[in-house]
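Please keep the sequence and the model in view while reading.

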Amino acid sequence: MAKQKVIVVGAGPVGSLAALYAANRGHKVKIYELRSDLRDPSTTPLNFTKSINLALSERGINAIRHAGSKSLIDHVMMSTIPMCGRMIHGKHPSGELYEESQLYDVHGRDIYAADRAELNKALLDILEKMPNVKFYFNHKLTGADFKRKVAWFEVQNSEKSSGKSSAGRPKEVEVGFDFMLGADGAHSSVRYHLMKYTRMDYQQEYIDTLWCEFQIGPNRRRKSESIFERFLISPNHLHIWPGKQFMFIAIPSEDGSFTCTLFMPSANYVYLEADTSKLPSFFDHYFPGVTSLIPPKELIASFETNPHLPLINIKCKPYHFSDSVVILGDAAHAMVPFYGQGMNAGLEDVRTLFALLDKHEATEESNDPANPAPADPSVQRSAALAEYSAVRAPDAHAINDLALQNYTEMRASVLSPAYRVRKALEEW
Ligand code: FAD
């Protein structure tokens, strides 16, 4: 295919992987990102806290594997921790604490704890070395004409570039393109502008649950000869303290710590915000054992310092317009995190999209050997994008639904005797 001017909006994990797929096909790739370079220590992390740890599973790993860079998948997997199952923490009526391992897979396959920022950085490092890739940080998409294929970006203030015109207003730049990939997250600007060009069905829902981040520190009592001794609890599990209406989870990090998340209805946040000294006894009641892993002072400090953030569920379709633009990742299907599939599904979007682009490029050349008309890249791309919307939307919507359902499973069903009997039989 003729090499195209490809614009990627959003340099998160999904946009960066999409840029790599496009660059490996020889296209001229420009990446526009609202924030500054996340490899710069002064950049505010997404969600204003330490980077979240997340569960990387086969869906995402497979997409990284197909990016065309052996060193990338090796690098990513080297800094992950395998999790063979979930560890359910609770208290017997006698008051005794228990933990129960529930394997994810009867065949022994794992999912992996990964640091989202590290994964993102690994992608940016590879892209930076490619001669056909250019980054534009501190550039916010503000408008797009998907018929004329032009987009407008506001240059944001930053220490490196003031981004101000001589009149003191933010500078705006106009950029032409052949193809735009919109990976600008749940509150996507690309999606907003795309809605003006296509009859997009759109559904958005905030669930009545907020999340807040905590940390279980590394095991400081023992000098770590073995990796296991670095951790206070098993590093090979995703830990869950199910509280029926609430849930506290912990995912291991390489340094021996755990990134923990409290999921709880907004009314409970309001109650605890009014008097944070109640937090340790609240935890002792609903998440037994946590206060021996996180000292009460640290628990309160994290609750007071870290933001209490909402969770959104977005479904839409189609994902494209003509041959001009397509949305991927959270921009297309932000989902609640309870199935651990938001980023994984976004990475899978990239693999699916490029497989379809490759397929249409290969099949839509002239069928008449006597009169070989040159293939028209825009016709090929239109067909590929239409097929992408058709096949991807039902899959993405199914994952959105599963993610919502899994919240009940994680915070409550794992405690039910019926669930345990079913699980025991499956494992047997
Ligand atoms: P984002 O990561 O949101 O990146 C979008 C990028 O676009 C950002 O860098 C942003 O600055 C930029 N941008 C935004 N607007 C503009 C604009 N106008 N112009 C230019 N750039 C713009 N997923 C999993 O797979 N497994 C998990 O275990 C998991 N756990 C999670 C736990 C929590 C608490 C949460 C909240 C999410 C979790 N997720 C998980 C979901 C995962 O974080 C997201 O699905 C993933 O980050 C989406 O990646 P993305 O690249 O599509 O979007």
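This is a predicted model: local features need pLDDT of at least 70, side-chain atom pairs count only at pLDDT 80 or more; totals for chains, interfaces and linings use all residues.

Residues are numbered from 1 along each chain as its sequence is written.

**Confidence**
- The protein chain has a mean pLDDT (the predictor's confidence in each residue, from 0 to 100) of 90, and 87% of its residues reach 70 or more.
- For the complex, the predictor gives an ipTM of 0.99 and a pTM of 0.92.

**Ligand shell**
- The ligand is surrounded by 32 residues (C-beta atom, placed from the backbone, within 6 Å), and the closest are Gly10, Gly12, Gly185, Gly329 and Gly342.
- At least two shell residues each come from helix 1 (13–24), strand 3 (53–56), strand 9 (139–145) and helix 10 (342–363); helices (H or I, at least four residues) and strands (E, at least two) are DSSP runs, numbered from the N terminus.
- Helix 10 contributes the most to this shell, with 4 residues.
- By class, the shell holds 15 nonpolar, 12 polar and 5 charged residues; Ala, Val, Leu, Ile, Met, Phe, Trp, Tyr, Cys and Pro count as nonpolar, Asp, Glu, Lys and Arg as charged, and the others, Gly among them, as polar.

**Helix 1 with helix 10**
- The axes of these helices (lines fitted to C-alpha atoms over the stretch in contact, with angles from 0 to 180 degrees between N-to-C directions) come within 9 Å and cross at roughly 20°.
- Helix 1 is therefore roughly parallel to helix 10 (angles under 35 degrees count as roughly parallel, over 145 as roughly antiparallel, 65 to 115 as roughly perpendicular and the rest as oblique).
- Pro13, Val14, Leu17, Ala18 and Tyr21 of helix 1 contact (C-beta atoms, placed from the backbone, within 7 Å) Met343, Gly346, Leu347, Asp349, Val350 and Phe354 of helix 10.
- This contact comprises 9 nonpolar, 1 polar and 1 charged residues.

**Helix 10 with helix 11**
- The axes of helix 10 and helix 11 (residues 377–411) come within 9 Å and cross at roughly 150°, so the two helices are roughly antiparallel.
- Among the residues that meet here are Asp349 and His360 in helix 10 and Arg381 and Tyr388 in helix 11.
- The contact divides into 9 nonpolar, 3 polar and 5 charged residues.

**Helix 7 with helix 8**
- Helix 7 (residues 279–286) and helix 8 (residues 296–305) pack at about 105°, with axes 9 Å apart, and are therefore roughly perpendicular.
- Leu279, Pro280 and Phe283 in helix 7 meet Pro296, Leu299, Ile300 and Phe303 in helix 8.
- This contact has 7 nonpolar, no polar and no charged residues.

Key:
Two residues are in contact if their C-beta atoms, placed from the backbone, lie within 7 Å.
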